[in-house]
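Please read it with the structure open.

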Amino acid sequence: MQITIEEIFEEFEELDPRDQSQFLLELGYDLARFAPEEQDESDLVHGCQSQVWMTARAADNDSDPVIEFRADSDSEIVRGLISVLLAAYSGRTASEILRLPIGDVFTRLRL
């Protein structure tokens with residue numbers, strides 16, 4: 001079961017910065033890895049110092065579909081940050097994602 005963004009907020013409030021980093025690493029450890037054949041060049045996020053792959057697909061044919069994201073990285077801490085993004089976007093429609101102030105999520109987490 002994937003952690004929710006509210007659970008991440010609650011956990012971060014209780015932790016000092018060092019423990020927050022450890023928590024991010026643990027989130028990264030729990031993130032499902034892409035198989036080597038899934039690490040497609042077309043899904044590579046350019047501009048990152050680490051290798052990051054991200055895919056998205058509409059869960060249905062609705063005019064405002066729920067978008068399902070998957071992502072992976074060769075960096076464990078980045079995998080933790082990916083987990084934060086997935087928790088924030090999980091189960092949301094395309095229009096909800098566009099309206100979500102993701103910068104506020106990272107500001108609240110002091111990241």
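1. Arg 108 has a relative accessible area of 44% and is therefore partly exposed (buried is under 20%, exposed over 50%, partly exposed in between, with a 1.4 Å probe and protein chains only). Its side chain meets that of Glu 13 in a salt bridge, 3.4 Å from N to O. Glu 13 is exposed, at 54%. Because Glu 13 lies in helix H1 (residues 5-13) and Arg 108 in helix H5 (residues 102-108), the pair ties together parts 95 residues apart in sequence. Helices (H or I, at least four residues) and strands (E, at least two) are DSSP runs numbered from the N terminus.

2. The model is predicted: local features need pLDDT of at least 70, side-chain atom pairs count only at pLDDT 80 or more, and totals for chains, interfaces and linings use all residues. Residues are numbered from 1 along each chain as its sequence is written, and side-chain values use heavy atoms, leaving out hydrogens and water.

3. The structure holds seven salt bridges, each a side-chain nitrogen of Lys or Arg within 4 Å of a carboxyl oxygen of Asp or Glu.

4. One of them joins Arg 70 and Glu 38, with the closest N and O atoms 2.9 Å apart. This pair links distant parts of the chain, 32 residues apart: Arg 70 is in strand E2 (residues 67-73), and Glu 38 is in the loop between helix H2 (17-30) and strand E1 (52-58). Arg 70 is partly exposed at 36% relative accessibility, and Glu 38 is partly exposed at 29%.

5. Arg 79 and Asp 72 form a salt bridge at 2.2 Å, N to O. Arg 79 is buried at 0% relative accessibility, and Asp 72 is buried at 2%. Salt bridges with shared partners join Arg 33, Asp 72, Glu 76 and Arg 79 into one network.
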